[in-house]
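Please go through the structure shown here with the following briefing at hand.

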Amino acid sequence: MPLPKAELHLHIEGTLEPELAFALAARNGVELPYADTEELRKAYQFSDLQSFLDLYYELMAVLRTEQDFEELTDAYLERAAAQGVRHAEIFFDPQAHMARGVGIGTVIEGLGRALDRSEERHGVSTQLIMCFLRDQSAESAMETLEAAKPYLNRIVGVGLDSAEVGHPPVKFREVYEAAAALGLRRVAHAGEEGPPAYIWEALDVLGVERVDHGLRAMEDQELVERLVRERVPLTLCPLSNVRLRAVDVLEQHPLGRMLDAGLMCTVNSDDPAYFGGYVGDNFHAVRDALGLELEQMRVLARNSFEAAFLEHDEGRRGR
Ligand code: ES4
Ligand code: ZN
């Protein structure tokens, strides 16, 4: 039996497996510049975040209808449940779809169809977090928040993702203020490739409750002390960090040192179809590479429920 856990850092578009991508391409008459799944898989060699994002946005072209988003999400939930996930907080990137003429309603209703059946079908409770693409303008983010207003009952919070360096959190101050005023929770990717200063900014300017990645926090002792003192959760994604070359090899991943420093770490899968594993695979990989003890694995699982946007009693149910 896998450890029960919550997944807090998961891009639904990053769960698009090559087989489903080709099936949806055929159904929707979308041409992919790869002969077959084998050739596509060979393209999964990344040198940094941007080289991954290029493929991630390209492959999304196959997602067009509510049914596509529903099938994508249902397939993820089935895989996640098999690896012990009892609660999932799922990111989606509306701007990446709206740019292709797919309306935000199509995306959210499609995701929602799968989420509505998730507890019954998979035993997984869910939340949706809408991400803004930080390499697009603040105005575009604000328009996206506006477009999401009819669907706010489906969304627990907002996040910030895509190409980090050169797009500091402060760029999105106003849209995070507007999101907070609407009662939305706030998270942001920070310190994946960007410097510790971006983590400070995410906390101080955007008011985030969790930091997605936060990998580079360990470069700044004062920041570590603050994150420990305030028990700010970090949603780490170890296999992602290796595939995107943020760390050379898993054996050098800072997770073990971060736990030793008292940081509130969680382990997540990010874009599991691209990075070689779902969340249970990430748990196993760090256990083996870093020699984590069973008690540390339990701490990671417990942290995932504590850091989730769940009512207290709901969170306890998964433990
Ligand atoms: C992402 Cl790994 C990662 N980093 C930033 N933005 C993303 N969007 C999807 N995966
Ligand atoms: Zn991510």
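In this predicted model, F92 is in contact with I12, E13, V107, L111, L128, M130 and C131, when its neighbours within four places in sequence are left aside; two residues count as in contact if their C-beta atoms, placed from the backbone, lie within 7 Å. F92 is also named, together with L111 and A202, among the residues with the most contacts inside the largest nonpolar core, which has 88 residues. Such a core is a set of buried Ala, Val, Leu, Ile, Met, Phe, Trp, Tyr and Cys residues joined through C-beta atoms within 7 Å, where buried means that 20 or more other C-beta atoms lie within 10 Å of a residue's own, exposed means 12 or fewer, and partly exposed covers the range in between.

**Conventions**

- Because this is a predicted model, local features need pLDDT of at least 70 and side-chain atom pairs count only at pLDDT 80 or more, whereas totals for chains, interfaces and linings use all residues.
- Residues are numbered from 1 along each chain as its sequence is written, while chains are lettered from A and ligands numbered from 1 in the order in which they are written.

**Overall build**

- The protein has 17 helices and eight strands, these being DSSP runs numbered from the N terminus, with helices (H or I) of at least four residues and strands (E) of at least two.
- Taken along the principal axes, the C-alpha atoms fill a box of roughly 50 × 40 × 40 Å.
- Of the 319 residues in the protein, 49% are buried.
- Among the contacts with a separation of 6 or more, 75% come from residues 24 or more positions apart.

- Helix 3, residues 49-59, has L49, F52, Y56 and L59 as buried residues.
- Seen down the axis of helix 3, these buried residues fall within an arc of 100°, so they line one face of the helix; the arc is that of the directions from the helix axis to the C-beta atoms.
- The cover over the buried residues of helix 3 includes helix 1 (18-28) and helix 14 (272-275).
- Ligand 1 is surrounded by H11, G14, L49, Y56, D161, S162, H189, E192, S240, D270 and D271, a residue being near a molecule if its C-beta atom, placed from the backbone, lies within 6 Å of it.
- The shell around ligand 1 has two nonpolar, five polar and four charged residues, with Ala, Val, Leu, Ile, Met, Phe, Trp, Tyr, Cys and Pro counted as nonpolar, Asp, Glu, Lys and Arg as charged, and the others, Gly among them, as polar.

**A buried and an exposed loop residue**

- V62, in the loop between helix 3 and helix 4 (66-82), is buried because 21 other C-beta atoms lie within 10 Å.
- Not counting residues up to four places away in sequence, V62 touches A21, L24, A25, N28 and V30, and its C-alpha atom is 10 Å from that of H97, 35 residues apart in sequence.
- A35, in the loop between helix 1 and helix 2 (37-42), counts as exposed because it has 8 C-beta neighbours inside 10 Å.

**Positive phi angles**

- Most residues other than glycine have a negative phi.
- R231, in the loop between helix 11 (221-229) and strand 7 (233-236), has a positive phi of about 50° although it is not a glycine, and R231 counts as exposed with 12 C-beta neighbours inside 10 Å.
- R245, in the loop between helix 12 (238-243) and helix 13 (255-260), likewise has a positive phi, near 65°, and R245 counts as partly exposed with 14 C-beta neighbours inside 10 Å.

**Partly exposed helix residues**

- A180 lies in helix 9 (residues 173-181) and counts as partly exposed, with 15 C-beta neighbours inside 10 Å; beyond four places in sequence, A180 is in contact with R186 and G207.
- M98 lies in helix 5 (residues 94-98) and is partly exposed, with 17 other C-beta atoms within 10 Å; the C-alpha atoms of M98 and T144, 46 residues apart along the chain, are separated by 9.0 Å.
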